[in-house]
Amino acid sequence: DNISLSKADIDKAVSNWHEDVAKMPKPRKREHPILPIEGEKNILVTSALPYVNNLPHLGNIIGCVLSADVYSRFCRLRNYNTLYICGTDEYGTATETRAMQEGITPQELCTKYNVLQQEIYDWFNIDFDKFGRTSTEQQTEITQDIFWRLQKRGFIREDTVEQLFCNNCNRFLADRFVEGICPLCGYEDARGDQCDKCGKLINATELKSPRCKTCSRQPQIKTSDHLFLDLTKVIA
(Lines give C-alpha, C1' and ligand atoms only; values in the text may rest on other atoms or scores of the structure.)
Protein backbone atom coordinates (compact mmCIF):
# COMPACT_ATOMS: atom_id res chain seq x y z
CA ASP A 1 0.00 0.00 0.00
CA ASN A 2 1.08 3.59 -0.68
CA ILE A 3 1.91 5.63 2.40
CA SER A 4 0.05 8.94 2.42
CA LEU A 5 0.76 11.86 4.72
CA SER A 6 -2.16 13.59 6.40
CA LYS A 7 -2.18 17.28 7.29
CA ALA A 8 -1.63 16.24 10.91
CA ASP A 9 1.50 14.30 9.90
CA ILE A 10 2.88 17.31 8.01
CA ASP A 11 2.06 19.73 10.83
CA LYS A 12 3.77 17.41 13.34
CA ALA A 13 6.88 17.16 11.12
CA VAL A 14 7.10 20.96 10.85
CA SER A 15 6.65 21.31 14.59
CA ASN A 16 9.35 18.72 15.31
CA TRP A 17 11.70 20.47 12.89
CA HIS A 18 11.53 23.65 14.93
CA GLU A 19 11.76 21.97 18.33
CA ASP A 20 14.88 20.85 20.12
CA VAL A 21 16.33 17.58 18.81
CA ALA A 22 16.09 16.02 22.25
CA LYS A 23 12.30 16.36 22.11
CA MET A 24 11.97 14.52 18.82
CA PRO A 25 10.69 10.89 18.79
CA LYS A 26 13.41 8.32 19.39
CA PRO A 27 14.05 5.77 16.61
CA ARG A 28 12.60 2.33 17.22
CA LYS A 29 15.17 -0.13 18.52
CA ARG A 30 15.70 -2.91 15.99
CA GLU A 31 15.45 -6.29 17.68
CA HIS A 32 15.42 -9.48 15.66
CA PRO A 33 13.39 -11.40 14.83
CA ILE A 34 11.14 -8.60 13.56
CA LEU A 35 7.54 -9.84 13.67
CA PRO A 36 4.19 -8.13 12.92
CA ILE A 37 2.78 -6.13 15.81
CA GLU A 38 -0.98 -5.85 16.09
CA GLY A 39 -2.25 -2.30 15.95
CA GLU A 40 0.91 -0.89 14.38
CA LYS A 41 1.92 -0.15 10.80
CA ASN A 42 3.88 -3.24 9.71
CA ILE A 43 5.99 -2.85 6.56
CA LEU A 44 7.58 -5.78 4.66
CA VAL A 45 10.20 -4.63 2.12
CA THR A 46 11.95 -6.89 -0.37
CA SER A 47 13.60 -6.62 -3.77
CA ALA A 48 14.20 -8.86 -6.78
CA LEU A 49 16.44 -11.72 -5.67
CA PRO A 50 19.89 -11.47 -7.32
CA TYR A 51 21.06 -14.51 -9.27
CA VAL A 52 23.76 -16.38 -7.40
CA ASN A 53 25.81 -17.27 -10.49
CA ASN A 54 27.60 -13.93 -10.69
CA LEU A 55 28.69 -10.86 -8.75
CA PRO A 56 26.32 -7.86 -8.72
CA HIS A 57 27.50 -4.81 -10.62
CA LEU A 58 26.59 -1.20 -9.93
CA GLY A 59 23.54 -1.37 -12.22
CA ASN A 60 22.16 -4.36 -10.30
CA ILE A 61 22.59 -2.55 -7.00
CA ILE A 62 21.04 0.73 -8.17
CA GLY A 63 18.17 -0.90 -10.04
CA CYS A 64 17.37 -3.52 -7.43
CA VAL A 65 18.40 -3.38 -3.77
CA LEU A 66 19.27 0.31 -3.36
CA SER A 67 15.73 1.63 -3.89
CA ALA A 68 14.34 -0.91 -1.42
CA ASP A 69 17.09 0.00 1.06
CA VAL A 70 16.21 3.71 0.82
CA TYR A 71 12.52 2.97 1.32
CA SER A 72 13.16 0.72 4.32
CA ARG A 73 15.31 3.44 5.92
CA PHE A 74 12.49 5.95 5.40
CA CYS A 75 10.04 3.55 7.07
CA ARG A 76 12.37 3.09 10.04
CA LEU A 77 12.73 6.87 10.39
CA ARG A 78 8.95 7.02 10.51
CA ASN A 79 9.14 4.43 13.34
CA TYR A 80 7.15 1.87 11.36
CA ASN A 81 7.73 -1.77 12.28
CA THR A 82 9.84 -2.56 9.20
CA LEU A 83 11.42 -5.76 7.90
CA TYR A 84 13.73 -5.65 4.85
CA ILE A 85 14.61 -9.06 3.40
CA CYS A 86 16.45 -10.34 0.33
CA GLY A 87 18.69 -13.26 -0.68
CA THR A 88 20.38 -15.12 -3.50
CA ASP A 89 18.30 -16.96 -6.11
CA GLU A 90 20.15 -20.27 -6.34
CA TYR A 91 18.03 -22.32 -8.75
CA GLY A 92 18.05 -22.53 -12.53
CA THR A 93 20.29 -23.58 -15.37
CA ALA A 94 22.44 -20.44 -15.04
CA THR A 95 23.74 -21.81 -11.75
CA GLU A 96 24.54 -25.19 -13.28
CA THR A 97 26.25 -23.57 -16.28
CA ARG A 98 28.49 -21.38 -14.14
CA ALA A 99 29.36 -24.30 -11.87
CA MET A 100 30.51 -26.32 -14.87
CA GLN A 101 32.66 -23.40 -16.04
CA GLU A 102 34.34 -23.14 -12.63
CA GLY A 103 34.69 -26.90 -12.20
CA ILE A 104 32.72 -27.07 -8.95
CA THR A 105 29.32 -28.39 -7.90
CA PRO A 106 26.24 -26.14 -8.05
CA GLN A 107 26.01 -26.25 -4.23
CA GLU A 108 29.64 -25.14 -3.88
CA LEU A 109 29.01 -22.32 -6.36
CA CYS A 110 25.90 -21.16 -4.47
CA THR A 111 27.72 -21.09 -1.14
CA LYS A 112 30.69 -19.24 -2.65
CA TYR A 113 28.69 -16.48 -4.33
CA ASN A 114 26.19 -16.09 -1.50
CA VAL A 115 29.09 -15.09 0.76
CA LEU A 116 30.66 -12.83 -1.89
CA GLN A 117 27.37 -11.06 -2.58
CA GLN A 118 26.77 -10.44 1.12
CA GLU A 119 30.25 -8.91 1.39
CA ILE A 120 29.53 -6.57 -1.55
CA TYR A 121 26.20 -5.42 -0.12
CA ASP A 122 27.84 -4.89 3.27
CA TRP A 123 30.49 -2.73 1.59
CA PHE A 124 27.75 -0.58 0.06
CA ASN A 125 26.04 -0.46 3.48
CA ILE A 126 22.83 -2.04 2.17
CA ASP A 127 20.97 -2.58 5.44
CA PHE A 128 19.10 -5.89 5.13
CA ASP A 129 17.39 -7.31 8.18
CA LYS A 130 17.86 -10.72 6.61
CA PHE A 131 19.86 -11.76 3.53
CA GLY A 132 19.16 -15.44 2.94
CA ARG A 133 19.13 -17.95 0.11
CA THR A 134 16.48 -19.93 -1.75
CA SER A 135 18.16 -23.31 -1.16
CA THR A 136 17.51 -23.54 2.58
CA GLU A 137 15.47 -26.42 3.96
CA GLN A 138 12.72 -24.02 5.05
CA GLN A 139 12.43 -22.48 1.56
CA THR A 140 12.30 -25.97 0.04
CA GLU A 141 9.49 -27.04 2.36
CA ILE A 142 7.47 -23.90 1.56
CA THR A 143 7.92 -24.31 -2.19
CA GLN A 144 6.96 -27.99 -2.15
CA ASP A 145 3.94 -27.22 0.01
CA ILE A 146 2.75 -24.62 -2.53
CA PHE A 147 3.18 -27.15 -5.36
CA TRP A 148 1.25 -29.93 -3.61
CA ARG A 149 -1.58 -27.55 -2.68
CA LEU A 150 -1.88 -26.57 -6.36
CA GLN A 151 -1.67 -30.23 -7.42
CA LYS A 152 -4.44 -31.33 -5.03
CA ARG A 153 -6.72 -28.56 -6.33
CA GLY A 154 -6.21 -29.64 -9.95
CA PHE A 155 -4.28 -26.53 -10.96
CA ILE A 156 -1.30 -28.48 -12.37
CA ARG A 157 -1.52 -29.98 -15.84
CA GLU A 158 0.87 -32.17 -17.81
CA ASP A 159 1.79 -31.42 -21.41
CA THR A 160 4.33 -32.54 -23.99
CA VAL A 161 6.86 -30.14 -25.49
CA GLU A 162 9.67 -30.49 -28.00
CA GLN A 163 13.21 -30.09 -26.68
CA LEU A 164 16.73 -30.63 -27.89
CA PHE A 165 18.30 -33.85 -26.62
CA CYS A 166 22.04 -34.52 -26.63
CA ASN A 167 22.73 -38.21 -27.20
CA ASN A 168 26.37 -37.80 -26.18
CA CYS A 169 25.52 -36.22 -22.79
CA ASN A 170 22.33 -38.32 -22.55
CA ARG A 171 20.20 -35.40 -21.38
CA PHE A 172 17.62 -32.88 -22.51
CA LEU A 173 19.24 -29.49 -22.95
CA ALA A 174 17.91 -26.40 -21.22
CA ASP A 175 18.05 -23.17 -23.24
CA ARG A 176 21.36 -22.06 -21.74
CA PHE A 177 23.01 -25.35 -22.72
CA VAL A 178 22.37 -24.79 -26.43
CA GLU A 179 24.04 -22.49 -28.95
CA GLY A 180 23.64 -22.18 -32.70
CA ILE A 181 22.93 -19.90 -35.64
CA CYS A 182 20.18 -17.33 -35.10
CA PRO A 183 17.29 -18.02 -37.54
CA LEU A 184 16.59 -14.28 -37.78
CA CYS A 185 19.96 -12.54 -38.24
CA GLY A 186 22.41 -15.40 -38.83
CA TYR A 187 24.56 -14.75 -35.74
CA GLU A 188 26.57 -17.93 -35.17
CA ASP A 189 26.66 -17.92 -31.35
CA ALA A 190 23.02 -17.30 -30.49
CA ARG A 191 21.79 -18.85 -27.24
CA GLY A 192 18.85 -21.18 -26.89
CA ASP A 193 16.62 -18.45 -25.46
CA GLN A 194 17.68 -15.30 -27.32
CA CYS A 195 20.18 -13.83 -29.76
CA ASP A 196 22.61 -11.36 -28.22
CA LYS A 197 23.25 -9.72 -31.61
CA CYS A 198 19.72 -8.88 -32.78
CA GLY A 199 18.16 -9.09 -29.32
CA LYS A 200 15.23 -11.24 -30.46
CA LEU A 201 13.77 -14.01 -28.31
CA ILE A 202 13.94 -17.44 -29.90
CA ASN A 203 13.23 -21.07 -29.04
CA ALA A 204 16.12 -23.52 -28.86
CA THR A 205 14.47 -25.76 -31.46
CA GLU A 206 14.50 -22.83 -33.95
CA LEU A 207 18.31 -22.54 -33.96
CA LYS A 208 20.12 -23.53 -37.13
CA SER A 209 22.97 -26.01 -36.67
CA PRO A 210 22.39 -26.23 -32.90
CA ARG A 211 25.20 -27.56 -30.73
CA CYS A 212 25.41 -28.73 -27.15
CA LYS A 213 27.33 -26.21 -25.07
CA THR A 214 28.90 -29.02 -23.04
CA CYS A 215 30.24 -31.34 -25.77
CA SER A 216 29.63 -29.32 -29.00
CA ARG A 217 27.74 -32.25 -30.57
CA GLN A 218 24.54 -31.60 -32.54
CA PRO A 219 21.43 -32.48 -30.51
CA GLN A 220 18.19 -33.98 -31.80
CA ILE A 221 14.62 -32.83 -31.28
CA LYS A 222 12.67 -35.10 -28.92
CA THR A 223 9.49 -34.76 -26.90
CA SER A 224 9.41 -34.60 -23.10
CA ASP A 225 6.66 -34.31 -20.51
CA HIS A 226 6.42 -31.18 -18.35
CA LEU A 227 4.18 -29.87 -15.59
CA PHE A 228 2.49 -26.47 -16.02
CA LEU A 229 0.45 -24.19 -13.81
CA ASP A 230 -3.02 -23.99 -15.41
CA LEU A 231 -3.68 -20.26 -15.02
CA THR A 232 -7.16 -20.50 -16.54
CA LYS A 233 -8.27 -22.65 -13.60
CA VAL A 234 -6.44 -20.49 -11.04
CA ILE A 235 -8.09 -17.29 -12.32
CA ALA A 236 -11.53 -18.93 -12.47
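Which helix supplies the largest share of the nonpolar patch? Helix α2 does, with four residues. The model is predicted: local features need pLDDT of at least 70, side-chain atom pairs count only at pLDDT 80 or more, and totals for chains, interfaces and linings use all residues. Residues are numbered from 1 along each chain as its sequence is written, and side-chain values use heavy atoms, with hydrogens and water left out.

**Surface patch**

The members of the patch are Leu58, Ile62, Leu66, Val70, Trp123 and Phe124, which together have about 630 Å² of accessible area. Accessible areas come from the Shrake-Rupley method with a 1.4 Å probe, and for residues only the protein chains shown count as cover. Patches are made of residues with over 30% relative accessible area and no salt bridge; like charges are joined within 9 Å, and nonpolar side chains (Val, Leu, Ile, Met, Phe, Trp, Tyr) within 5 Å. Tryptophan 123 is located in helix α4 and is exposed, at 68% relative accessibility. Here buried means under 20% relative accessible area, exposed over 50%, and partly exposed in between (1.4 Å probe, protein chains only). Helices (H or I, at least four residues) and strands (E, at least two) are DSSP runs, numbered from the N terminus.

**Nonpolar cores**

A nonpolar core is a set of buried Ala, Val, Leu, Ile, Met, Phe, Trp, Tyr and Cys residues joined through side-chain atoms within 4.5 Å. The largest one has 14 residues, of which Val65, Tyr84, Tyr121, Ile126 and Phe128 touch the most other members. At least two residues each come from β1, α2 and β2 (81-88), and α2 gives the largest share, five residues. Phenylalanine 128 is in contact (heavy atoms within 4.5 Å) with Arg30, Val65, Tyr84, Cys86 and Tyr121, leaving aside neighbours within four places in sequence. A second, separate core has twelve residues, including Leu164, Cys166, Cys182 and Ala204.

**Strands**

Two strands pair if DSSP finds at least two bridges between them. Strands β1 and β2 run parallel and are joined by five bridges; in β2, isoleucine 85 is the bridge partner of threonine 46.

An open sheet of three strands has the order β7-β6-β8, with antiparallel pairing. Because β7 (190-191) and β8 (208-212) stand at the edges with a single partner strand each, one side of each is left without a neighbour in the sheet. Three bridges connect β6 (residues 178-181) to β8 in the antiparallel sense, and valine 178 stands opposite cysteine 212 in β8.

**Loop residues**

Asparagine 53 lies in the loop between β1 (42-46) and α2 (58-77). With a relative accessible area of 15%, asparagine 53 is buried. Its contacts, apart from neighbours within four places in sequence, are Ala94, Thr95, Arg98 and Leu109.

Isoleucine 104 lies in the loop between α3 (93-102) and α4 (106-123) and is partly exposed at 28% relative accessibility. Not counting residues up to four places away in sequence, isoleucine 104 touches Ala99 and Leu109. Isoleucine 104 and isoleucine 37 are 67 residues apart in sequence and 44 Å apart in space, C-alpha to C-alpha.

**Salt bridges**

A salt bridge is a side-chain nitrogen of Lys or Arg within 4 Å of a carboxyl oxygen of Asp or Glu. By this rule the count comes to 19. The table lists some of the pairs.

| Residue | Partner | N to O distance |
|---|---|---|
| Lysine 7 | Aspartate 11 | 2.8 Å |
| Lysine 29 | Glutamate 31 | 3.8 Å |
| Lysine 112 | Glutamate 102 | 2.9 Å |

Lysine 7 and aspartate 11 are separated by about one helical turn, because they are four residues apart in helix α1 (residues 7-18). Lysine 7 is exposed at 62% relative accessibility, while aspartate 11 is partly exposed at 40%. Glutamate 31 and lysine 29 are both exposed.

The pair of glutamate 102 in helix α3 and lysine 112 in helix α4, ten residues apart, links distant parts of the chain. Glutamate 102 is partly exposed at 26% relative accessibility, and lysine 112 is partly exposed at 37%. Salt bridges that share partners also join Arg30, Arg76, Asp127 and Asp129 into one network.
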